[in-house]
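The stops below go from the whole chain to single residues.

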Amino acid sequence: MGSDWNLRCQVLGGLTMAEIIKPLLVVLLLAAVAFVLFRESSRSDAMRRKRFDTRSPVSEHDFLLECEAQDVNLALSLRRKIADVLGVPAEKLKSSDRFDHELKPPHGWEHDDGVNVLMLELQAALHAKHLSADTKEIQSVRDYVTMWTRVQAHKAPGSN
């Protein structure tokens with residue numbers, strides 16, 4: 001059988017058994033790690049959502065009033081984006097929700113912080129429009145919406 005296997009491997013470009021199995025094991029290991037991370041991330045989202053189970057929904061109108069939003073579509077879009085990234089129900093997000101309190105990752109899940117994703121995207125938009133602002137000053141959903149409003153209202157250099 002060994003010579004048959006070697007003959008078949010030679011048909012595959014002269015690869016040895018080890019050269020074929022090693023990449024397959026690496027792919028299998030990466031798939032297992034990705035599965036575990038996905039499963040654990042889902043668990044973290046469920047734990048974060050649980051904080052909102054007893055909270056009453058906040059209407060879009062009330063959210064916009066609390067937010068003092070100048071751009072209604074942008075504010076509602078950002079509300080949905082925050083909810084999607086952090087895995088919480090959008091209709092229960094308040095403009096006063098703080099990223100380091102109500103929206104923080106559950107204890108033990110600090111590495112799974114979607115807030116960083118939101119802030120990095122905002123920093124990239126600030127940079128693209130040559131605006132300077134410290135995203136560390138953003139405490140709440142209202143602050144986040146206000147900063148994005150500033151970004152959207154600013155024209156990038158060279159644009160008309």
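A residue counts as buried under 20% relative accessible area, as exposed over 50% and as partly exposed in between, with a 1.4 Å probe and protein chains only. By that cut-off, 32% of the 160 residues of the chain are buried. This is a predicted model, in which local features need pLDDT of at least 70 and side-chain atom pairs count only at pLDDT 80 or more, while totals for chains, interfaces and linings use all residues. Residues are numbered from 1 along each chain as its sequence is written, and side-chain values use heavy atoms, with hydrogens and water left out.

Start with the whole chain in cartoon. The secondary structure comes to six helices and zero strands, where helices (H or I, at least four residues) and strands (E, at least two) are DSSP runs numbered from the N terminus. For contacts (heavy atoms within 4.5 Å), 63% of those between residues at least 6 apart in sequence join residues at least 24 apart.

Next, select residues 60-67 and 72-86. These are helix 3 and helix 4, which pack at an angle of about 105° with their axes 11 Å apart. Axes are lines fitted to C-alpha atoms, for helices over the stretch in contact, and angles run from 0 to 180 degrees between N-to-C directions. Helix 3 and helix 4 are therefore roughly perpendicular, the term for 65 to 115 degrees. Helix 3 contributes Glu60, Phe63 and Leu64 to the contact, and helix 4 contributes Val72, Ala75, Leu76 and Arg79.

Now select Asp97, in the loop between helix 4 and helix 5 (114-128). Is Asp97 buried or exposed? With 1% relative accessibility, Asp97 counts as buried. Show side chains: that of Asp97 makes a polar contact with the side chain of Arg55 (2.7 Å). A polar contact is a pair of N or O atoms within 3.5 Å; within protein, one must be able to donate a hydrogen and the other to accept it, and residues adjacent in sequence count only if both atoms are side-chain atoms. Beyond four places in sequence, the residues in contact with Asp97 include Phe52, Lys92, Gln139 and Val141.

Val141 leads on to helix 6, residues 141-153. Its buried residues are Val141, Tyr144, Val145, Met147, Trp148, Thr149 and Val151. Helix 3, helix 4 and helix 5 are among what covers them.

Finish at His154, in the segment after helix 6. His154 is partly exposed, at 29% relative accessible area. Leaving out residues up to four places away in sequence, His154 touches Lys129 and Leu131.

How values were computed. Parallel < 35°, antiparallel > 145°, perpendicular 65-115°, else oblique. Expected span 1.5 Å × (residues − 1).
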